[in-house]
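Please read the numbered points with the model in view.

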Amino acid sequence: MTDWYVDDRCTNCDVARQFAPELIVEEERASRILRQPGDEAENRRLHAAVFACPTRSIRSASGQPDPALDPFPMALDDGVLICGHNSRQTAGANSYLLRRPSGTVMMIDTPRWSPALAERYVAATGPVTDVLLTHRDHVAHGRRYADHFGARLWIHEGDLDAVPDADQVIRGTDPVEIGEGVTAHPLPGHTRGSVLYLADDRYCFSGDSFYWSRTTDDLEVAESVTWYSIEQLAASLARADGKLRFEWVLPGHGDRRRRDAEEMSRRLHALAERTAQARPRPIDFTAVRW
(Lines give C-alpha, C1' and ligand atoms only; values in the text may rest on other atoms or scores of the structure.)
Protein backbone atom coordinates (compact mmCIF):
# COMPACT_ATOMS: atom_id res chain seq x y z
CA MET A 1 0.00 0.00 0.00
CA THR A 2 1.23 3.50 -0.81
CA ASP A 3 2.54 5.39 2.21
CA TRP A 4 1.01 8.87 1.87
CA TYR A 5 2.12 11.79 4.04
CA VAL A 6 1.89 15.60 4.14
CA ASP A 7 5.18 17.50 3.89
CA ASP A 8 6.16 20.68 5.72
CA ARG A 9 5.11 23.02 2.89
CA CYS A 10 1.46 22.70 3.94
CA THR A 11 -0.16 26.09 4.58
CA ASN A 12 -3.34 24.70 6.21
CA CYS A 13 -5.51 26.02 3.38
CA ASP A 14 -8.06 23.19 3.95
CA VAL A 15 -8.30 22.25 0.25
CA ALA A 16 -7.13 18.65 0.67
CA ARG A 17 -9.43 18.08 3.63
CA GLN A 18 -12.40 19.17 1.52
CA PHE A 19 -11.81 16.33 -0.92
CA ALA A 20 -10.86 13.57 1.53
CA PRO A 21 -12.08 14.57 5.00
CA GLU A 22 -12.13 10.98 6.21
CA LEU A 23 -8.44 10.53 5.30
CA ILE A 24 -6.89 13.96 5.94
CA VAL A 25 -7.40 15.98 9.12
CA GLU A 26 -6.14 19.20 10.68
CA GLU A 27 -3.55 18.91 13.43
CA GLU A 28 -1.35 21.66 14.86
CA ARG A 29 -2.43 24.10 12.14
CA ALA A 30 -1.59 21.81 9.24
CA SER A 31 -3.03 18.83 7.41
CA ARG A 32 -1.91 15.32 8.22
CA ILE A 33 -2.85 11.90 6.90
CA LEU A 34 -5.21 10.26 9.38
CA ARG A 35 -5.06 6.90 7.62
CA GLN A 36 -4.16 5.40 4.27
CA PRO A 37 -6.89 4.78 1.64
CA GLY A 38 -8.72 1.53 2.30
CA ASP A 39 -10.29 0.95 -1.10
CA GLU A 40 -10.36 2.30 -4.65
CA ALA A 41 -12.99 4.95 -3.89
CA GLU A 42 -10.88 6.33 -1.05
CA ASN A 43 -7.78 6.16 -3.24
CA ARG A 44 -9.56 8.33 -5.82
CA ARG A 45 -10.61 10.86 -3.19
CA LEU A 46 -7.04 10.97 -1.91
CA HIS A 47 -5.79 11.63 -5.44
CA ALA A 48 -8.29 14.46 -5.83
CA ALA A 49 -6.73 16.03 -2.74
CA VAL A 50 -3.25 15.44 -4.20
CA PHE A 51 -4.05 17.19 -7.48
CA ALA A 52 -5.89 20.07 -5.80
CA CYS A 53 -3.28 20.88 -3.13
CA PRO A 54 -1.63 24.22 -4.04
CA THR A 55 1.71 23.36 -2.42
CA ARG A 56 1.79 19.76 -3.72
CA SER A 57 2.30 18.74 -0.09
CA ILE A 58 0.49 15.40 -0.21
CA ARG A 59 3.21 13.00 -1.20
CA SER A 60 3.96 9.33 -1.42
CA ALA A 61 7.08 7.72 0.01
CA SER A 62 6.93 5.07 -2.68
CA GLY A 63 6.45 7.07 -5.86
CA GLN A 64 4.50 9.70 -7.76
CA PRO A 65 0.72 10.07 -7.79
CA ASP A 66 -0.99 8.37 -10.70
CA PRO A 67 -1.80 11.05 -13.33
CA ALA A 68 -4.61 8.84 -14.60
CA LEU A 69 -6.36 9.51 -11.27
CA ASP A 70 -6.33 13.29 -11.70
CA PRO A 71 -10.12 13.90 -11.69
CA PHE A 72 -10.15 17.55 -12.70
CA PRO A 73 -12.20 19.24 -13.88
CA MET A 74 -14.56 17.31 -11.63
CA ALA A 75 -18.35 17.61 -11.84
CA LEU A 76 -20.10 18.81 -8.69
CA ASP A 77 -23.53 19.08 -10.29
CA ASP A 78 -25.04 19.06 -13.77
CA GLY A 79 -23.93 22.63 -14.47
CA VAL A 80 -20.80 23.09 -12.36
CA LEU A 81 -17.32 21.59 -12.26
CA ILE A 82 -14.48 22.33 -9.86
CA CYS A 83 -11.14 23.02 -11.51
CA GLY A 84 -8.73 21.61 -8.91
CA HIS A 85 -5.02 22.41 -9.33
CA ASN A 86 -5.34 25.28 -6.86
CA SER A 87 -2.68 27.98 -7.01
CA ARG A 88 -0.34 29.21 -4.30
CA GLN A 89 -0.68 32.66 -5.86
CA THR A 90 -4.36 32.76 -4.89
CA ALA A 91 -3.69 31.29 -1.41
CA GLY A 92 -5.07 27.99 -2.65
CA ALA A 93 -8.49 29.29 -3.70
CA ASN A 94 -10.97 26.97 -5.36
CA SER A 95 -12.15 27.81 -8.87
CA TYR A 96 -15.08 26.60 -10.90
CA LEU A 97 -16.48 26.13 -14.39
CA LEU A 98 -20.12 27.04 -14.98
CA ARG A 99 -21.81 25.56 -18.04
CA ARG A 100 -24.46 27.70 -19.71
CA PRO A 101 -27.47 26.53 -21.80
CA SER A 102 -25.89 28.07 -24.90
CA GLY A 103 -23.03 25.59 -24.66
CA THR A 104 -20.51 28.15 -23.46
CA VAL A 105 -18.75 28.17 -20.11
CA MET A 106 -17.78 30.72 -17.46
CA MET A 107 -14.73 30.27 -15.23
CA ILE A 108 -15.11 31.67 -11.72
CA ASP A 109 -11.69 32.57 -10.28
CA THR A 110 -8.78 30.54 -11.59
CA PRO A 111 -6.60 27.50 -10.90
CA ARG A 112 -2.84 27.64 -11.29
CA TRP A 113 -1.81 28.74 -14.75
CA SER A 114 -0.89 26.07 -17.27
CA PRO A 115 -1.61 26.04 -21.02
CA ALA A 116 -2.14 22.29 -20.78
CA LEU A 117 -4.70 22.77 -18.01
CA ALA A 118 -6.46 25.48 -20.00
CA GLU A 119 -6.79 23.13 -22.95
CA ARG A 120 -7.94 20.34 -20.66
CA TYR A 121 -10.76 22.51 -19.30
CA VAL A 122 -11.95 23.51 -22.77
CA ALA A 123 -11.82 19.91 -23.97
CA ALA A 124 -13.97 18.85 -21.03
CA THR A 125 -16.53 21.65 -21.07
CA GLY A 126 -16.47 23.65 -24.29
CA PRO A 127 -15.46 27.26 -25.02
CA VAL A 128 -14.96 29.61 -22.06
CA THR A 129 -16.35 33.08 -22.81
CA ASP A 130 -15.93 34.80 -19.44
CA VAL A 131 -13.51 34.70 -16.51
CA LEU A 132 -15.26 36.07 -13.44
CA LEU A 133 -13.02 37.26 -10.62
CA THR A 134 -14.60 37.48 -7.17
CA HIS A 135 -12.01 39.89 -5.70
CA ARG A 136 -8.41 41.06 -5.73
CA ASP A 137 -6.94 38.08 -3.86
CA HIS A 138 -7.80 35.76 -6.76
CA VAL A 139 -6.65 37.75 -9.80
CA ALA A 140 -3.22 36.13 -10.25
CA HIS A 141 -3.94 34.08 -13.38
CA GLY A 142 -7.08 35.81 -14.63
CA ARG A 143 -5.51 37.67 -17.54
CA ARG A 144 -3.61 34.62 -18.78
CA TYR A 145 -6.67 32.41 -18.77
CA ALA A 146 -8.86 35.09 -20.35
CA ASP A 147 -6.34 35.72 -23.12
CA HIS A 148 -5.86 32.01 -23.76
CA PHE A 149 -9.61 31.46 -24.02
CA GLY A 150 -10.29 34.72 -25.87
CA ALA A 151 -12.65 35.44 -22.97
CA ARG A 152 -13.77 38.59 -21.17
CA LEU A 153 -12.20 39.24 -17.78
CA TRP A 154 -14.54 40.66 -15.10
CA ILE A 155 -13.86 42.42 -11.79
CA HIS A 156 -15.54 45.02 -9.57
CA GLU A 157 -14.34 48.62 -9.66
CA GLY A 158 -13.42 48.43 -5.98
CA ASP A 159 -10.61 45.99 -6.81
CA LEU A 160 -9.86 47.26 -10.31
CA ASP A 161 -6.35 48.39 -9.35
CA ALA A 162 -5.47 44.70 -8.93
CA VAL A 163 -6.31 43.99 -12.61
CA PRO A 164 -6.55 47.36 -14.40
CA ASP A 165 -6.75 45.71 -17.82
CA ALA A 166 -10.03 43.93 -17.03
CA ASP A 167 -12.43 43.86 -19.98
CA GLN A 168 -15.63 44.29 -17.97
CA VAL A 169 -15.99 46.31 -14.78
CA ILE A 170 -18.86 45.85 -12.33
CA ARG A 171 -19.80 49.11 -10.62
CA GLY A 172 -21.72 50.15 -7.53
CA THR A 173 -23.53 47.83 -5.15
CA ASP A 174 -26.64 46.93 -7.14
CA PRO A 175 -26.93 43.45 -8.68
CA VAL A 176 -26.26 43.38 -12.40
CA GLU A 177 -27.02 40.67 -14.95
CA ILE A 178 -23.82 39.72 -16.76
CA GLY A 179 -25.14 36.78 -18.76
CA GLU A 180 -28.26 34.74 -19.24
CA GLY A 181 -29.25 33.56 -15.78
CA VAL A 182 -26.05 34.92 -14.18
CA THR A 183 -26.03 37.94 -11.86
CA ALA A 184 -23.13 39.70 -10.15
CA HIS A 185 -23.89 40.82 -6.60
CA PRO A 186 -21.32 43.29 -5.23
CA LEU A 187 -20.62 42.39 -1.60
CA PRO A 188 -17.94 44.75 -0.24
CA GLY A 189 -16.41 43.63 3.02
CA HIS A 190 -13.72 40.99 2.62
CA THR A 191 -12.25 43.45 0.11
CA ARG A 192 -13.64 46.70 -1.21
CA GLY A 193 -14.52 45.05 -4.53
CA SER A 194 -15.73 41.62 -3.44
CA VAL A 195 -18.46 40.14 -5.65
CA LEU A 196 -20.46 36.94 -5.58
CA TYR A 197 -21.93 35.46 -8.73
CA LEU A 198 -25.38 33.88 -8.66
CA ALA A 199 -26.44 31.49 -11.42
CA ASP A 200 -29.94 30.18 -12.10
CA ASP A 201 -31.01 30.82 -8.48
CA ARG A 202 -29.09 27.63 -7.77
CA TYR A 203 -25.36 28.26 -7.63
CA CYS A 204 -23.76 30.89 -5.39
CA PHE A 205 -20.08 31.49 -6.14
CA SER A 206 -19.35 33.43 -2.97
CA GLY A 207 -15.63 34.14 -3.31
CA ASP A 208 -14.30 34.85 0.17
CA SER A 209 -17.46 36.57 1.43
CA PHE A 210 -18.85 33.44 3.11
CA TYR A 211 -18.36 29.69 3.02
CA TRP A 212 -19.58 26.40 4.48
CA SER A 213 -17.76 25.39 7.65
CA ARG A 214 -17.44 21.71 8.50
CA THR A 215 -16.59 22.76 12.06
CA THR A 216 -19.90 24.53 12.67
CA ASP A 217 -21.91 22.78 9.92
CA ASP A 218 -23.18 26.18 8.79
CA LEU A 219 -22.52 29.22 6.64
CA GLU A 220 -19.75 31.38 8.08
CA VAL A 221 -17.71 34.47 7.31
CA ALA A 222 -13.95 34.51 7.85
CA GLU A 223 -14.19 37.49 10.16
CA SER A 224 -10.56 37.07 11.24
CA VAL A 225 -9.44 37.45 7.60
CA THR A 226 -11.41 40.50 6.47
CA TRP A 227 -9.06 42.88 4.69
CA TYR A 228 -11.44 45.79 4.13
CA SER A 229 -14.23 46.03 6.72
CA ILE A 230 -16.26 43.58 8.76
CA GLU A 231 -18.86 46.32 9.22
CA GLN A 232 -19.18 46.69 5.46
CA LEU A 233 -19.45 42.92 5.09
CA ALA A 234 -22.27 42.92 7.65
CA ALA A 235 -24.03 45.68 5.71
CA SER A 236 -23.57 43.76 2.46
CA LEU A 237 -25.07 40.60 3.94
CA ALA A 238 -27.97 42.57 5.37
CA ARG A 239 -28.60 44.05 1.92
CA ALA A 240 -28.44 40.59 0.32
CA ASP A 241 -30.63 38.94 2.97
CA GLY A 242 -33.88 37.83 1.39
CA LYS A 243 -32.66 38.60 -2.13
CA LEU A 244 -30.25 35.72 -2.75
CA ARG A 245 -31.77 32.36 -3.57
CA PHE A 246 -29.44 29.41 -4.05
CA GLU A 247 -28.93 25.74 -3.27
CA TRP A 248 -25.15 25.50 -3.63
CA VAL A 249 -22.60 27.65 -1.83
CA LEU A 250 -19.35 27.45 -3.82
CA PRO A 251 -16.68 29.57 -2.11
CA GLY A 252 -13.07 30.36 -2.89
CA HIS A 253 -11.88 29.32 0.57
CA GLY A 254 -13.76 27.00 2.86
CA ASP A 255 -15.98 24.09 2.00
CA ARG A 256 -18.90 23.92 -0.40
CA ARG A 257 -22.32 22.47 0.32
CA ARG A 258 -25.73 21.88 -1.21
CA ARG A 259 -28.92 22.42 0.79
CA ASP A 260 -32.54 23.20 0.01
CA ALA A 261 -32.95 26.83 -1.11
CA GLU A 262 -35.27 27.64 1.78
CA GLU A 263 -32.73 26.30 4.26
CA MET A 264 -29.94 28.29 2.65
CA SER A 265 -32.09 31.43 2.89
CA ARG A 266 -32.62 30.84 6.61
CA ARG A 267 -28.95 30.20 7.16
CA LEU A 268 -27.95 33.33 5.24
CA HIS A 269 -30.37 35.39 7.33
CA ALA A 270 -28.82 34.00 10.53
CA LEU A 271 -25.33 34.66 9.16
CA ALA A 272 -26.24 38.30 8.45
CA GLU A 273 -27.47 38.68 12.03
CA ARG A 274 -24.31 37.09 13.48
CA THR A 275 -22.01 39.17 11.31
CA ALA A 276 -23.77 42.36 12.45
CA GLN A 277 -22.44 41.59 15.94
CA ALA A 278 -18.84 41.15 14.77
CA ARG A 279 -16.24 43.83 15.41
CA PRO A 280 -12.90 44.60 13.71
CA ARG A 281 -10.06 42.36 14.79
CA PRO A 282 -6.45 41.75 13.74
CA ILE A 283 -5.90 39.46 10.78
CA ASP A 284 -5.49 35.92 12.10
CA PHE A 285 -5.53 33.02 9.64
CA THR A 286 -5.35 30.50 12.47
CA ALA A 287 -8.76 31.58 13.78
CA VAL A 288 -10.69 30.53 10.66
CA ARG A 289 -13.14 27.73 11.48
CA TRP A 290 -12.75 25.39 8.52
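**Notes on a helix end and a sheet**

1. Thr 275 is found in helix α6, which spans residues 261-275. Helices here are DSSP runs of H or I with at least four residues, strands are runs of E with at least two, and both are numbered from the N terminus. The model is a predicted one, in which local features need pLDDT of at least 70 and side-chain atom pairs count only at pLDDT 80 or more, while totals for chains, interfaces and linings use all residues. Residues are numbered from 1 along each chain as its sequence is written, and side-chain values use heavy atoms, with hydrogens and water left out.

2. Is Thr 275 buried or exposed? Thr 275 counts as buried because its relative accessibility is 2%; buried means under 20% relative accessible area, exposed over 50%, and partly exposed in between, with a 1.4 Å probe and protein chains only.

3. A polar atom of the Thr 275 side chain lies 2.8 Å from the backbone oxygen of Leu 271. Apart from neighbours within four places in sequence, Thr 275 is in contact (heavy atoms within 4.5 Å) with Val 221, Ile 230, Leu 233, Ala 234 and Leu 237.

4. Attention now turns to the sheet. Seven strands form an open sheet in the order β5-β6-β7-β8-β9-β10-β11, with mixed pairing; two strands pair if DSSP finds at least two bridges between them. The edge strands, β5 (74-77) and β11 (168-170), each pair on one side only.

5. Which strands are joined to β8 by four bridges? Strand β7 (residues 96-99) runs antiparallel to β8 and is joined to it by four bridges. Leu 97 has Met 107 as its bridge partner in β8, and Arg 99 has Val 105. In the hairpin of β7 and β8, five residues lie between the strands, and Gly 103 takes a positive phi near 100°. Four bridges also join β8 to strand β9 (residues 128-132), and these two run parallel. Here the bridge partner of Ile 108 is Leu 132.

6. In a regular strand, side chains alternate between the two faces of the sheet. In strand β8 (residues 105-108), Val 105 and Met 107 point one way and Met 106 and Ile 108 the other way, and all are buried.

7. A right-handed β-α-β unit is made by β8, helix α3 (residues 115-125) and β9. Right-handed means that, with the strands pointing away from the viewer, the path from the first strand over the helix to the second runs clockwise.

Notes: A polar contact is a pair of N or O atoms within 3.5 Å; within protein, one must be able to donate a hydrogen and the other to accept it, and residues adjacent in sequence count only if both atoms are side-chain atoms.
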